[in-house]
Each structure stands twice: as structure tokens, then as C-alpha cells.
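Subject: Handover of a structure and notes on its fold

Dear colleague,

Please find below the structure that I am handing over to you. My notes on what was found in it follow directly after.

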Amino acid sequence: MSHLENGAVEEGVLYVVATPIGNLRDLSMRALEVLRTVDIIAAEDTRVTQKLLASFQIMTKTISVREHNERREAERIINWLREGKSIAQVSDAGTPAVSDPGAILVDVVREAGLKVVPIPGCSAVVTALSASGFTQNQFLFYGFLPPKSGQRKKALQILVDAPYALVFYEAPHRIEECLADMAEIFGAERRVLLARELTKTFETIHRCQLGQVAAWFASDSNQTRGEFVVIIEGAPEVEADESISPETLRVLGILLKGLPVKQASGLAAEITGANKKQLYDAALKLKAAD
């Protein structure tokens, strides 16, 4: 049987191990076995990981592999893997390499021709999505937005017409101003899910319209504490009967003669007031017909 079937740890393999985001009981049996039996655990913060390991009486050696030393430590880890050692990579919480250290290490190990095995488990993104009730089948995980309002608004503007759920991480000291920018860009009527302190004692999952968020925060200042997952519902799809007028198509066709599809459709939307996404789709069809 392979390691996928019997849970055994292989020599010379880097295991990317998801750990709990709050509730320790969310650690999988497979993750426990890997953490117990690998030779070394590469941790984002050894102090945080040691607390997790102590809870399960795991004595495996840990080393620090974090953002500032990840590339340097990757070379040392490659040497250990080539010697036949097995190594687990963990972040402080959740799945490594998802808005956490780990991607550089995995990249370097793969480029060296060595094996990487993911041990799935907790992810704040999927946890929040599962409780959102947003019915789009697709979602975009953006991670952390730019910290400054001007740059943040530019990033959000690009996503305003996206027809899929948009998932962000945000820190407590920026959450209110971030959501104010979202309300400005997406509109007060767009629905949002706020997931705070997931799986922890003060877990809060709240869904409302963006225009209602400020009042919700004002009603209880504790709601601004902790790490947030923010999910914006996707833009509503344009109704099929919203046809493009011949004059709008004429304007779009003229613009397409000298401009790329995205720029032409955006400018045509400004000129005519038609839906930008609908014009973008029409522009693609016009280009394909040329």
C-alpha cells in the first residue's frame, strides 16, 4: 500500500501539514501521525507549534522556517531530504502557503526534484465559505488587500463586476476602514459575510449588506477584534433580456479597431451607460468574428 492508504511516513518527503485554526480537535488523525513520526517539523513560529505539539504529547524536533529565512532554510531542508529524512512543514494555524509561509519552501523542494505531500485540513477560507450561504459555484481567494485606502480601492474596483464570491483576509485594526471602502466600491446593497475568530471561543459569523456593517460594529466594539475572513457575494449576473442596442454595438466596434478588448468595453460602458461585463462579452464575440 502507498502512504496515502496506510498513513506511513516516507523517507525523503516534505509533508505540508494543515493545523487547527483555533479548536485543537480539528487536527486530523493523519496530521497527528505525520507530526509524530517525521524527523523534523519546520514551523513558522516554534513557540506556537510547541504548544500544539505539547497538547498531543508530540516530541518531534522543530526548527524555525518563516518569511525572513525561508529560502535560506530551504537549502538545509533539501540536504536533509536527500539524506532520507522526512520533514513536516506547518504554519502557526491553518494550511501553510495560503497567506502564510510555505510556498517558497515547497517551490524549492519541487525544483530540486524531491517529493511534496499535502496533508489536508483546516483552512479559514473554506470554513467561512461553507457557512456563507452564497450560492455561486466559483470563488476567488484574494488574501490581504493593500493596507492604504487608495490602493485598496483600485484593487477592489477591478473585482466589482466579478460574478463569483470574493474572499479576503483582514486584520482587526483595518477591518472598519476596509469594509467602508468595500461599501463604496461594491455598493451598500451587496451582501457580505464576516467570519471572526473561526473555531475559537468567540467565533462570530455575521451576514448582512455592506451598508449595514458600520451599525453592526457600532453596536458592539468587540466585533472588531480578532482576525477576519471577509466574503463579498458575487455581482449579480446580467439578465438575458438586457440586450445591447445597435448604437452601443456601433460604438463598441469603433473602439475595438484601436483598443484592446478590456479597454474598449470599459470605455464603451462609460460612453453609453451599458453594462461593462455585457459589453466585454460582446467585444470578445466581435473579435472572434473578425
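In which hand, left or right, does α10 pass α11 in their crossing? The answer is that the crossing of α10 past α11 is right-handed. Please keep in mind throughout that this is a predicted model. The two helices, α10 (residues 246–256) and α11 (residues 261–272), have axes that come within 9 Å and cross at roughly 140°. On the α10 side, the contact is formed by Thr 248, Val 251, Leu 252, Leu 255 and Leu 256. From α11, Val 261, Ala 264, Ser 265, Leu 267, Ala 268, Ile 271 and Thr 272 take part. By residue class, this contact between α10 and α11 comprises nine nonpolar residues, three polar ones and no charged ones.

Overall organisation

The protein chain contains 12 helices and 10 strands. Its C-alpha trace spans about 70 × 55 × 35 Å along the principal axes. Of the 290 residues in the chain, 46% are buried. When contacts between residues at least 6 apart in sequence are considered, 68% of them join residues at least 24 apart.

The five-stranded sheet

Five strands form an open sheet with mixed pairing, in the order β6-β7-β10-β8-β9. The edge positions are held by β6 (139–144) and β9 (204–209); each has a single partner strand, so one side of each is left without a neighbour in the sheet. On average, and with direction ignored, neighbouring strands of this sheet are turned by 15° against each other.

Strand β10 pairs with β7 in the antiparallel sense over five bridges.

As to burial, β10 is mostly covered, with five of its five residues buried. Phe 228, Val 230 and Ile 232 point one way from this strand, whereas Val 229 and Ile 231 point the other way. In a regular strand, side chains alternate between the two faces of the sheet.

Nonpolar cores

The largest nonpolar core has 24 residues, of which Phe 168, Leu 179, Met 182, Val 192, Val 230 and Ile 232 touch the most other members. Two or more residues are contributed to this core by each of α7 (149–159), β7 (165–170), α8 (175–186), β8 (191–196), α9 (213–219) and β10 (228–232). The largest share, six residues, comes from α8.

With residues up to four places away in sequence not counted, Leu 179 touches Val 192, Leu 194, Leu 210, Val 213, Phe 217 and Val 230. A second, separate core has 19 residues, among them Tyr 15, Val 38, Ala 43 and Ile 58.

Individual residues

Thr 49 is placed in helix α3 (residues 46–55). Why does Thr 49 count as buried? Its relative accessible area is 4%, and a residue is called buried if this value is under 20%. Leaving aside neighbours within four places in sequence, Thr 49 is in contact with Ile 41, Ala 43, Thr 62 and Val 90.

Two further residues deserve a note on backbone geometry. Most residues other than glycine have a negative phi. Gln 57, which is not a glycine, has a positive phi of about 55°, and Glu 197, also not a glycine, has a positive phi of about 55°. Gln 57 is found in the loop between α3 and β3 (61–64), while Glu 197 lies in the loop between β8 and β9.

Are these two residues buried or exposed? Gln 57 is exposed, with a relative accessible area of 62%. Glu 197 counts as buried, at 19% relative accessibility.

With kind regards

Note on methods. Residues are numbered from 1 along each chain as its sequence is written. This is a predicted model: local features need pLDDT of at least 70, side-chain atom pairs count only at pLDDT 80 or more; totals for chains, interfaces and linings use all residues. Side-chain values use heavy atoms; hydrogens and water are left out. A nonpolar core is a set of buried Ala, Val, Leu, Ile, Met, Phe, Trp, Tyr and Cys residues joined through side-chain atoms within 4.5 Å. Buried means under 20% relative accessible area, exposed over 50%, partly exposed in between (1.4 Å probe, protein chains only). Helices (H or I, at least four residues) and strands (E, at least two) are DSSP runs, numbered from the N terminus. Contact means heavy atoms within 4.5 Å. Axes are lines fitted to C-alpha atoms, for helices over the stretch in contact, and angles run from 0 to 180 degrees between N-to-C directions. A crossing is left-handed if the near helix is turned anticlockwise from the far one by less than a right angle, and right-handed if clockwise. Ala, Val, Leu, Ile, Met, Phe, Trp, Tyr, Cys and Pro count as nonpolar, Asp, Glu, Lys and Arg as charged, and the others, Gly among them, as polar. Two strands pair if DSSP finds at least two bridges between them.
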